[in-house]
Amino acid sequence: MKRYDCIIIGGGAAGLTAAIQLGRHKRSVLLIEQCKELGKKLYATGNGRCNFTNSHYDEQTYRGDGAFANAVYEKFPYGNTLLFMHSIGVLQQEKDGYFYPYTNQAKTVVTALIQALPEDFVELCLDRVVKKVVRTEEKIYHVTTSYGEFEGKCILLASGGRASTSFAPEDKAGYNLAEQLGHNITPLYPALCALHGEAAKSYEWKGIRANASVRLYKDAGCEEPLGPLCQGELQLTDYGISGIPVFQVSRYAAAALGEGESVYAQIDFLPEYSYRDLAVLLNQAQFSEKVTILQYLCGYLQEPLARAVIAGSSLQPENPITSCTKEQWEGLMRCAKQFVLPITGTAGWNQAQVTAGGVETRLIDSGTMESKISLGCFFAGEVLDVDGTCGGYNLQFAFSSAMVAAQGIEARLEKMK
């Protein structure tokens, strides 16, 4: 049986990157992918444009074990990713710190990664699911797949997560392998996805897009926050809410709902204006006494949204705006700036862009990505308990962790000589 320097399980961004790096150092690599083609999930990233990294970064970028992710990122930050992309022939363009291939096509990145695999050192094994991994008494990893068995001095689990299940038929395979080697898996939840709220069915706001801020709470009174406040383009649907600000907080909703807790989204439809600003605008307005509350509010919000806001107050849309007392106006503006939607679920695994939760990181060395309990076993990418916000950060972590893992594998192989 042929023995490889490293067997990489998973042919996504992390697995491909590690294979390229190890192959460049003339290490024999077997890359096993359960799908019939490599990098399949990459085609859908960034709505097909592949936002692969971002120059804007802070310590809140990563969730799960953020400290672990930050330590890995520091060893291979976004500048290194840009250089790596240059090395595989991908020309880039930047917009407000977001980096994309110059072609604006994810296919460009996938093709470049595959073409960069050193053929003399990287062997591909596609359409195979890894069923079992055992570390033998010789400290060699014996890998059993759905068709065939292989041996490697080291292994790299870069098998991805459960998100976008249509791209990964065996979406728990990597977690099962990690458990076989003694690692724990934290609860898994869909992240970067839309949120469902049954009350949305009563509002005729489907298709509306609005600049808004969103924050989640554990209680209807919105006193116990879940996660950060996020602002951006909100997309309103007949099933709930979507858009970037919703994606950013969705992991917190999924986790809370998974634990049987209640979740409420508080939405500010006028985030650029304070209550004082709105009061001044009302006092400065000059209009006929025939102008209704709905007609006036349509100067602030699109009509379906204005109707939803009015429905949350004690006012009637056809009442004259001049009939509003100060208290009624403040109540109306409170509904506009503190609109509450009970959250009943998430869009689910197939619509999620990334997995929250994964292989617990406390037993993994962030400096090498090597297991502390099974030497020669390494991890990279989404299989770990790390998930980033929107903006290319999850792909960046895939590249960072893969490069750090490749360096760790090199060091382990040198020690095994």
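This is a predicted model: local features need pLDDT of at least 70, side-chain atom pairs count only at pLDDT 80 or more; totals for chains, interfaces and linings use all residues.
Residues are numbered from 1 along each chain as its sequence is written, and side-chain values use heavy atoms, with hydrogens and water left out.

**The chain as a whole**

- The chain contains eleven helices and 21 strands; helices (H or I, at least four residues) and strands (E, at least two) are DSSP runs, numbered from the N terminus.
- Its C-alpha trace spans about 90 × 45 × 35 Å along the principal axes.
- Of the 417 residues, 55% count as buried, meaning under 20% relative accessible area, with exposed being over 50% and partly exposed in between (1.4 Å probe, protein chains only).
- Among contacts with a separation of 6 or more, 73% come from residues 24 or more positions apart; a contact means heavy atoms within 4.5 Å.

**The seven-stranded sheet**

- Seven strands make an open, antiparallel sheet in the order β17-β16-β13-β14-β15-β12-β18.
- β17 (339–343) and β18 (345–346) are the edge strands; each has a single partner strand, so one side of each lacks a neighbour in the sheet.
- Two strands pair if DSSP finds at least two bridges between them, and β13 is joined to the antiparallel strand β14 (residues 225–236) by eight bridges.
- Within that pairing, S213 has Q231 as its bridge partner, and V214 has C230.
- β13 also pairs with β16 in the antiparallel sense, over five bridges, and there L216 is partnered by A265.
- As background, strands of a sheet pair through backbone hydrogen bonds, either parallel or antiparallel.

**The three-stranded sheet**

- Another open sheet has three strands in the order β3-β6-β5, with antiparallel pairing.
- β3 (53–54) and β5 (92–95) stand at its edges with a single partner strand each, so one side of each is left without a neighbour in the sheet.
- Two bridges connect β3 with the antiparallel strand β6 (residues 98–101), where N54 stands opposite Y98.

**A look at D268**

- D268 belongs to strand β16 (residues 263–268) and is buried, with a relative accessible area of 12%.
- Its side chain reaches the backbone nitrogen of L270 at 2.9 Å; a polar contact is a pair of N or O atoms within 3.5 Å, where, within protein, one must be able to donate a hydrogen and the other to accept it, and residues adjacent in sequence count only if both atoms are side-chain atoms.
- Leaving aside neighbours within four places in sequence, D268 is in contact with N211, A212, S213, A336 and K337.

**The second largest pocket**

- The second largest pocket has a volume of about 180 Å³.
- Of its 15 lining residues, F269, L270, Y273, Y300 and L301 are the closest to its centre.
- A pocket here is an open set of points on a 1 Å grid over the protein atoms alone, where a 1.4 Å probe fits, with protein on both sides within 12 Å along at least five of seven lines; lining residues have an atom within 4 Å of a point.
- Grid points are joined across faces, edges and corners, and the volume is the space filled by probe spheres set on the points.
- β13 (209–217) and α7 (275–284) each supply at least two lining residues, and β13 gives the most, with three.
- The lining divides into ten nonpolar, three polar and two charged residues; Ala, Val, Leu, Ile, Met, Phe, Trp, Tyr, Cys and Pro count as nonpolar, Asp, Glu, Lys and Arg as charged, and the others, Gly among them, as polar.
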